[in-house]
Amino acid sequence: MPPAPNKSRLDFLEGTLKEVDTIIDPILNSGFDGIFVVISNPVDVVTHYIYEKTNFPKNKVFGTGTTLDSSRLRRILSKETGIDPKSIQAYSMGEHGDSQMVPWSHVYLGGKPLLDLMKEKPDTFGKLNLDDIAKRAALAAYEIIEGKGCTEFGIGVGLTEIVKTILHNERKILPATTLLEGQYGQTDVFASVPVVMTKDGIEEIVEINLTDDEQEKFSNSCAIIKEYIEKAKHIK
């Protein structure tokens, strides 16, 4: 059944965990010792659940996180600025959901900070509404679901990029849902941040310096994820 347009990803937690419980034990009993790449929503909470259930190394259990959201963000920025998305470096971070945030202090167009461009070119870049752009990227899925009832193609592309990176040991930096153990001031929570991805999974978390405002938004997003991680512990 396709998700309802007025439902957030977090509303599917109970149903998703019940499905996960039907497949994890058979996978483990088969002798599987590979990498779990989680795409099921709410992906941050489900990734945490699978990590605890499998007892796999943390580098081998991670989620697609904001990979798709970051692509949507670059597409929107491209449309608003006229710059090809391949020349835009920008990530969404935190929850793959409504509370995600954008560290605008680390958004670059051709290597130049967007915030600098906004000051230098007030009549063009300066007119960008960053809050609106971040909101459009976070809520893009609702528009797609309302239009066609599902969003499988977008996540399929994101998953393909992750799997290709692993198979070819590309050591690409991508946003992914991973276990934070002090990074960004967070512990015991799976949230989406930039990571170095290799044939062995996640090799390293890339910790960028956030402004105070960005850190607050990221922390708020992680708090929502933690709230639902606690709820997952009580689902039978």
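Guide: K18 is partly exposed, with a relative accessible area of 43%, where partly exposed covers the range between buried, under 20% relative accessible area, and exposed, over 50% (computed with a 1.4 Å probe and protein chains only). This is a predicted model, in which local features need pLDDT of at least 70 and side-chain atom pairs count only at pLDDT 80 or more, while totals for chains, interfaces and linings use all residues. Residues are numbered from 1 along each chain as its sequence is written, and side-chain values use heavy atoms, with hydrogens and water left out.

The partner of K18 is E14, whose side chain meets that of K18 in a salt bridge at 3.3 Å, N to O; a salt bridge here is a side-chain nitrogen of Lys or Arg within 4 Å of a carboxyl oxygen of Asp or Glu. E14 is likewise partly exposed, at 41% relative accessibility. Both residues belong to helix α1 (residues 13-29), four residues apart, which is about one turn of the helix. Helices (H or I, at least four residues) and strands (E, at least two) are DSSP runs, numbered from the N terminus.

The structure holds 15 salt bridges, and another of them joins the side chains of E161 and K172 at 3.6 Å, N to O. Here E161 lies in helix α7 (residues 152-167) and K172 in strand β6 (residues 172-181), so this pair ties together parts that are eleven residues apart in sequence. E161 is partly exposed at 28% relative accessibility, and K172 is partly exposed at 29%. The two are also members of a network of salt bridges that links E161, K164, E170 and K172.

Turning to how helices pack, α3 (residues 67-81) and α5 (residues 130-138) meet at an angle of about 135°, with their axes 8 Å apart; axes are lines fitted to C-alpha atoms, for helices over the stretch in contact, and angles run from 0 to 180 degrees between N-to-C directions. The two helices, α3 and α5, are therefore oblique to each other, since angles under 35 degrees count as roughly parallel, over 145 as roughly antiparallel, 65 to 115 as roughly perpendicular and the rest as oblique. From α3, the residues D69, R72, L73, I76, L77 and E80 make the contact, and from α5 I133, R136 and A137, contact meaning heavy atoms within 4.5 Å.

S78 is also found in α3 and counts as buried, at 15% relative accessibility. Leaving aside its neighbours within four places in sequence, S78 is in contact with I83, D84, P85 and I88.

I88 leads on to the sheet, where its bridge partner in β4 is L109. β3 and β4 (residues 108-109) pair in the antiparallel sense over two bridges, which meets the requirement that DSSP finds at least two bridges between paired strands. The open sheet has three strands in the order β3-β4-β5, with antiparallel pairing. At its edges stand β3 (88-89) and β5 (112-113), each with a single partner strand, so one side of each is left without a neighbour in the sheet.
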